[in-house]
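The sequence and structure are shown first.

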Amino acid sequence: MVQRAFGLAFLIGVFLILLQPVQARMVTDQLGREVQVPEHPKRIVVLAPSLAECLFALDQGDRVAGVTTFSNYPPRARSLPKVGSYVNLDLERIVGLDPDLCLATKDGNPAKVIRQLESLGIPVYALDPRGLQAVMETVVKLGSLLGCEDEASRVVRRMEDEIEAVTGRVEALPRRPRVFFQIGISPIVSVGSNTFVHELITMAGGRNLAAGSKDYPRFSVEEVLARNPDILVINSMTRDNSLLEETRARWQQYPEIDAVREGRIYTVDSDIFNRASPRLVRGLQILADLFLKSFDVPVSKVSGER
Amino acid sequence: MERFRQARTVLVSGALLLLLALLMLLGIAAGPTGFQLLEVFSSLVDGREIDRVLQTIIWEIRFPRVVLAASVGTVLSLAGLVFQALLRNPLAEPYILGISGGASVGAVLGMLLGLAFFPGVAFLAFLGSMGTLGLVILLTSGRFLIRENSLLLAGVMVNAFCSAIIVFLLSISTHTKLQQALFWLMGDLSNAQQTQVIGLLALIFPCILVIGLFSRPMNLLQMGSDTAASLGVNVKAVTLILLGVSSLLVSGTVCVVGLVGFVGLVIPHILRLMLGPDHRILVPGCILGGAAFMTGCDLLARTVPAQGEMPVGVVTAVIGAPLFVYLLMRST
């Protein structure tokens with residue numbers, strides 16, 4: 001039985017090699033890897049929600065064959081077949097969808113699954129959208145990969161326009177508010193200088209109190225008290241509102257903190273701030289609105305606050 | 001009497017082999033994308049071409065996985081049997097001499113450093129396990145190795161110390177690495193690729209042979225080291241060889257699949273309750289029975305959750321413990 005199986009495996013290997021797409025080309029992905037991709041990928045499995053959002057922003061949703069569990073934007077993505085969560089991918093489900101291309105992200109996708117996919121002959125194109133600039137580069141790279149360069153330019157141009165609008169608006173801020181952006185509830189975790197949320201805070205005119213070389217530094221309540229933020233933003237991946245309310249209540253025990261005293265504790269939609277996709281610009285706008293509001297500078301609309 | 005024993009061995013081995021083959025077949029047929037028993041049969045029986053994608057799934061994803069599960073089950077059960085015989089302690093199991101502690105520290109460290117699973121993490125795990133094993137032996141050297149209690153105690157203490165280190169390492173890791181580490185610590189058969197499975201098999205076969213040759217000395221050791229010595233067993237040599245071979249087997253396996261618990265402790269006991277204490281029957285029993293048990297548990301771990309898979313260590317514990325209690329109650 002074992003010999004037969006190895007014989008069959010050999011035959012499959014030959015079969016797969018013969019079945020290579022006739023039209024294929026070598027491209028370099030965002031990590032510098034050489035990947036052989038089909039000329040017109042039609043069945044793409046996207047291994048991260050941020051990349052799924054990018055694809056849909058480029059109007060390529062029809063070419064997506066599968067997504068990860070938490071791909072919930074745009075709503076159309078929710079009905080697509082799921083292949084596990086982006087840190088816990090299901091190899092069999094991915095292969096079962098018969099993809100001709102997989103899009104992976106450097107931060108999160110387990111390398112072992114990527115290697116196994118490649119050893120089965122499925123090309124994996126890796127991307128690394130780390131911040132606003134990198135997202136725009138990702139969009140452009142996806143544009144050339146999928147033959148929709150015009151769409152990509154349109155998306156990037158719109159992002160640039162919206163960013164410029166925000167930076168213009170926040171010039172009205174009298175000073176940079178001290179911002180504590182909380183991404184972990186227990187323990188308290190914030191964002192360091194090398195993260196895209198830090199970039200958003202700075203661009204929106206704020207000062208990130210957790211700036212530093214450590215990407216996700218931990219804080220004790222004492223340390224937050226000592227830094228005395230003007231604005232507390234709570235962003236948690238939990239969709240449990242009661243937990244968010246509990247966190248807010250815990251901060252309200254410390255009116256010594258300016259943010260607590262002035263009532264500037266805000267919760268934000270984690271999907272917008274956790275995903276390096278074109279929607280990050282929305283996050284930038286939300287932060288700008290919050291900062292302007294805290295200094296009573298009139299804004300056109302306030303959103304994202306709960 | 002001898003004929004009866006031989007007949008019984010053959011019968012039991014045959015039954016377990018059948019069970020193993022059945023479970024392996026089910027294992028190849030079932031997975032997250034469905035249950036394709038008919039396709040497996042048509043693929044095996046008349047070599048007819050089935051859907052290309054299905055072919056890949058069955059033979060390149062599931063088949064190596066099933067072979068790996070069977071090998072892991074064999075190794076852990078056999079090692080458990082050997083340790084229980086050598087240390088004459090029913091609570092002995094493959095990780096008890098500090099192997100699990102050292103391997104875990106090495107592996108978690110490797111994962112935190114962002115090393116590739118193979119060779120990085122696996123190699124560090126192997127180094128760690130050999131390190132702690134050496135430490136345990138060093139701590140008890142000077143005393144005659146068969147002073148089982150000191151070996152055991154040293155092993156338990158080293159494991160406890162390593163656990164503390166691991167908890168600390170986990171506490172400073174980011175959430176993606178945490179999940180990876182947790183899966184490894186509970187047994188993760190999804191990491192291994194074909195080359196590693198083949199390498200593991202290459203290690204297993206000679207070691208199993210060696211252990212099998214020592215079945216009779218293991219029987220004699222149960223009577224006490226002095227009695228065994230008086231019956232012609234070179235106790236020190238036997239102990240060293242068996243200890244070395246089993247530790248090597250367990251370390252090699254742990255490096256590839258992490259810590260699958262319970263199998264090494266419970267399977268030898270279950271088989272002893274069913275087959276009696278003769279190691280000449282127990283060794284083939286553990287080889288086949290352990291493989292069958294592990295294949296079955298891995299099948300459940302892969303198919304029961306709606307999304308993704310469970311760590312296989314959870315399944316082995318949830319099934320193994322009640323099964324053992326039931327058999328224990330029935331035998332008294």
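Which side chain of chain A meets that of Asp188(B) in a salt bridge? The partner is Lys112(A), with 3.5 Å from N to O. The model discussed here is a predicted one.

## Salt bridges between the chains

Besides the pair of Asp188(B) and Lys112(A), a salt bridge links Glu92(A) to Arg62(B), whose closest N and O atoms are 2.6 Å apart. This pair crosses between chains: Glu92(A) belongs to helix α3 (residues 91–96) of chain A, and Arg62(B) to helix α3 of chain B. In general, side chains of opposite charge can pair when their charged atoms come close.

## Extent and composition of the interface

In the contact between the two chains, 38 residues of chain B take part, together with 29 residues of chain A. About 3,100 Å² is buried between chain B and chain A, and carbon and sulfur atoms account for 60% of it.

Across this interface, 4 residue pairs are in polar contact, with both residues at pLDDT 80 or more. On the side of chain B that touches chain A, at least two residues each come from α2 (37–45), α3 (52–87) and α7 (175–185) of chain B. The most is given by α3(B), with 10 residues. By residue class, the side of chain B that touches chain A comprises 15 nonpolar, 16 polar and 7 charged residues.

## The parallel sheet of chain A

Chain A contains an open sheet of 4 strands in the order β11-β9-β13-β14, with parallel pairing. Strand β9 (residues 178–182) of chain A runs parallel to strand β13 (residues 231–234) of chain A, and 4 bridges join the two. Within this pairing, Phe180(A) is placed opposite Leu232(A) of β13(A).

## Helices against the sheet

Helix α9 (residues 241–251) of chain A packs on the sheet and touches β9, β13 and β14 of chain A. The direction of α9 makes about 155° with that of β13(A).

Helix α12 (residues 280–294) of chain A also lies across β9, β13 and β14 of chain A. The angle at which α12 runs to β13(A) is about 150°.

Conventions: Residues are numbered from 1 along each chain as its sequence is written. Chains are lettered from A and ligands numbered from 1 in the order in which they are written. This is a predicted model: local features need pLDDT of at least 70, side-chain atom pairs count only at pLDDT 80 or more; totals for chains, interfaces and linings use all residues. Side-chain values use heavy atoms; hydrogens and water are left out. Contact means heavy atoms within 4.5 Å. Buried area is the accessible area (1.4 Å probe) that two parts lose on being put together, summed over both. A salt bridge is a side-chain nitrogen of Lys or Arg within 4 Å of a carboxyl oxygen of Asp or Glu. A polar contact is a pair of N or O atoms within 3.5 Å; within protein, one must be able to donate a hydrogen and the other to accept it, and residues adjacent in sequence count only if both atoms are side-chain atoms. Ala, Val, Leu, Ile, Met, Phe, Trp, Tyr, Cys and Pro count as nonpolar, Asp, Glu, Lys and Arg as charged, and the others, Gly among them, as polar. Two strands pair if DSSP finds at least two bridges between them. Axes are lines fitted to C-alpha atoms, for helices over the stretch in contact, and angles run from 0 to 180 degrees between N-to-C directions.
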